[in-house]
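Work through the exercises below with the sequence and the 3D view at hand. Each task is followed by a solution in steps.

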Amino acid sequence: MIRRTVLVAALLALTVAVATAARNPAPVTTPYRPAFDPADFGAGPVDNPWLPLRPGTVLRYRGVGDDGVTREVNTVTVTHRTKRIMGVDATVVLDQVFADGKPEERTFDWYAQDMHGNVWYLGEDSSTFAQGRWVRDDGSWQAGVGNGEPGIVMLARPRRGDAYRQEYSPGHAVDQAQVLGPGGTVEVPVRSFGRTLLTLEYSSIDRQYELKWHARGIGVIKEQAVTKSEGLSQLVAVTR
């Protein structure tokens with residue numbers, strides 16, 4: 001059933017009409033020209049109900065890696081730090097992955113919300129732990145540097161069929177997403193959520209599809225890979 005959903009969604013992504021810039025400022029187009037204007041951003045918080053990023057919040061996830069066996073723990077910390085990118089003060093979020101109890105990945109992600117309520121993704125500084133030290137990897141990129149362009153990680157008013165670019169830096173990250181609609185009731189270790197939003201993400205570099213369930217006031221509560229991987233991650237705790 002999940003794989004059928006992926007195929008249908010992929011076909012929809014190819015035929016979906018491009019929305020107006022006000023509703024979808026980062027449509028999946030070639031060439032890609034996001035409607036990004038620093039004047040649309042202020043000093044307000046990232047408070048999109050489907051992806052709130054309140055400084056001091058820590059979300060903890062548990063699951064398995066791509067092989068379906070390796071135990072993974074993922075902690076996402078919304079820091080009090082900001083980073084100036086393309087004239088906008090982006091919120092810095094620290095994302096850490098531990099595999100079988102050992103450090104594996106560490107990423108500093110940069111997010112900003114415009115006055116319409118869209119949450120933009122402005123890049124990442126990503127590292128992997130190898131031979132006892134952190135090594136910056138090829139997935140790192142920044143909007144406004146080289147071929148990097150800002151993308152959308154959550155629309156202000158997501159609607160079924162909306163397709164948008166999330167990351168755009170050819171050679172580093174070229175991800176896009178589509179809104180599949182309501183995700184129904186989802187039960188994860190932390191608790192059951194009766195109302196969710198389901199999105200499908202696709203990486204043209206990894207050729208990987210992934211489903212994500214979002215809960216209002218929390219953000220992502222579950223991730224499940226559906227091609228090439230057995231990865232699964234579920235929310236187990238939230239602290240503020």
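Strand S5 and strand S8 (residues 151–154) run antiparallel and are joined by three bridges. Strands here are DSSP runs of E with at least two residues, helices are runs of H or I with at least four, and both are numbered from the N terminus; two strands pair if DSSP finds at least two bridges between them. The model is predicted, so local features need pLDDT of at least 70 and side-chain atom pairs pLDDT 80 or more, while totals for chains, interfaces and linings use all residues. Residues are numbered from 1 along each chain as its sequence is written, and side-chain values use heavy atoms, without hydrogens and water.

**Exercise 1.** Find the residue that stands opposite Val119 in S8.

Solution. Go to S8, residues 151–154. Opposite Val119 stands Met154.

**Exercise 2.** Describe how S4 and S5 are connected and paired.

Solution. Step 1: S4 covers residues 102–113 and S5 covers residues 119–130. Step 2: their pairing is antiparallel, over eight bridges. Step 3: Arg106 lies opposite Ser127 in S5. Step 4: five residues separate the strands of this hairpin, and Gly117 in the turn has a positive phi of about 105°.

**Exercise 3.** Examine the pairing of S5 with S6.

Solution. Step 1: S6 (residues 133–136) is antiparallel to S5, with four bridges. Step 2: Ala130 stands opposite Arg133. Step 3: the hairpin has two residues between the strands, and Gln131 takes a positive phi near 55°.
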